[in-house]
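Subject: Model for your files

Hello,

Please find the structure we discussed below.

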Amino acid sequence: MHSWWLGLVAGRSGEPHPVSPRVRGIIEERHLTLTGSVESDAELAALADEAEHFKQERFESFDNQVVVLS
């Protein structure tokens, strides 16, 4: 999973998240945007936690556009 986040930093934005394969991310000008969908609120919270963990080192702001499928 760590390598996916490092890939975003390196510009590889088309790769699916390893745990949530319908989620994609892109970092532009130190701003992270996540898009896609997840199966549950817990999965969404886990993504947000991961983003917060990497935020301090890799990007300054975060836009979570991921939705929970109902």
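The notes below cover the ring pairs and then the core.

Please keep in mind that this is a predicted model.

Aromatic pairs. A search of the whole structure gives 3 of them. In one, the ring centres of Trp5 and Phe54 are 5.3 Å apart and the planes meet at 15°, so this pair is stacked. Trp5 belongs to helix α1 (residues 2–9) and Phe54 to helix α2 (residues 41–58), so the pair ties together parts that are 49 residues apart in sequence. Both Trp5 and Phe54 are buried. Trp4 also comes in here: ring pairs link Trp4, Trp5 and Phe54 into a cluster.

Another pair is formed by Phe59 and Phe62, with 6.5 Å from centre to centre and 55° between the planes, and is classed as tilted.

Nonpolar core. The largest one has 13 residues. Those with the most contacts inside this core are Trp5, Leu8, Val23, Leu32, Leu34, Phe59 and Val66. At least two core residues come from each of α1, β1 (23–28), β2 (31–38) and α2. In soluble globular proteins, nonpolar side chains tend to be buried together.

Val23 is worth a separate entry. Beyond its neighbours within four places in sequence, Val23 is in contact with residues including Trp4, Pro16, Leu34, Val38, Leu47 and Val66. Glu15, His17 and Thr35 are also among its contacts.

Regards

Definitions and conventions:
Residues numbered from 1 in each chain as written. Predicted model: local features only at pLDDT ≥ 70, side-chain atom pairs only at ≥ 80, totals over all residues. Heavy atoms only, no water. Phe/Tyr/Trp six-rings, centres within 6.5 Å; stacked < 30°, edge-to-face > 60°. Helix = DSSP H or I, 4+ residues; strand = E, 2+ residues; numbered from the N terminus. Buried < 20%, exposed > 50% of the residue type's maximum accessible area, 1.4 Å probe, protein only. Core = buried A, V, L, I, M, F, W, Y, C linked by side-chain atoms within 4.5 Å. Contact = heavy atoms within 4.5 Å.
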